Amino acid sequence: MQRQTEYVANGYGIAIPKRCATCAHKGQTRLMTKRHCLVHDKEVKPKNVCSLWQMSSQMKAAGLGGGRIKRREYLKYLALVRGDENIAKQNGLKIMPKSVDAIRREFEQEHGSIYINI
């Protein structure tokens, strides 16, 4: 049943739209391209909501903080390293991929922190 979107504030004051997409009963696996309701066992349509809506754990945690934004330069550096590793593998070289921690340390030694200072 589609209706006007209602918003509910989570514990951190973030307005969460009350709809099936933000519901704790929504089911979706990486293999599924469509969401389905675990209670009604039906496909979820955009902006639908029923009387059994409960805020999902991800929506409850929205605004928790602690997350930081990585610099674009670091993300490009990481992609470049992974690309070079893939090229080496395609050329028949047997290499051990670097860990993300090792790549991060290399970047920080050359360029400073991987995070944007806000």
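Which residues is Y74 in contact with, leaving aside its neighbours within four places in sequence? I looked that up to begin with: Y74 is in contact with V100, R104, F107 and I114, where contact means heavy atoms within 4.5 Å.

**Ground rules.** I'm working with a predicted model, so I noted that local features need pLDDT of at least 70, that side-chain atom pairs count only at pLDDT 80 or more, and that totals for chains, interfaces and linings use all residues. Residues are numbered from 1 along each chain as its sequence is written, and side-chain values use heavy atoms, with hydrogens and water left out.

**The core.** Next I checked the largest nonpolar core, and Y74 is in it, together with Y77, V81, I103, F107, I114 and Y115, seven residues in all. I jotted down that a nonpolar core is a set of buried Ala, Val, Leu, Ile, Met, Phe, Trp, Tyr and Cys residues joined through side-chain atoms within 4.5 Å. Buried means under 20% relative accessible area, exposed over 50%, and partly exposed in between (1.4 Å probe, protein chains only). Two elements give two or more residues to this core: α2 (72–90) and α3 (100–111). The largest share, three residues, is from α2. Helices here are DSSP runs (H or I, at least four residues), numbered from the N terminus. I also found a second, separate core of five residues, including I16, V49, W53 and M55.

**Helix α2.** I looked at its length: the end C-alpha atoms of α2 are 27 Å apart, which agrees with the 27 Å its 19 residues should span. The expected span is 1.5 Å times one less than the number of residues.

Which residues of α2 are buried? I listed Y74, Y77, V81, E85 and A88. Seen down the helix axis, the buried residues of α2 fall within an arc of 75°, so they line one face; the arc is that of the directions from the axis to the C-beta atoms. Just after α2, G92 takes a positive phi of about 90°.

**Cysteines.** I searched for disulfides (pairs of cysteine sulfur atoms within 2.5 Å) and counted zero. C37 is in no disulfide, and its nearest cysteine sulfur, that of C50, is 5.6 Å away. C37 counts as buried at 11% relative accessibility, and C50 is buried too, at 17%.
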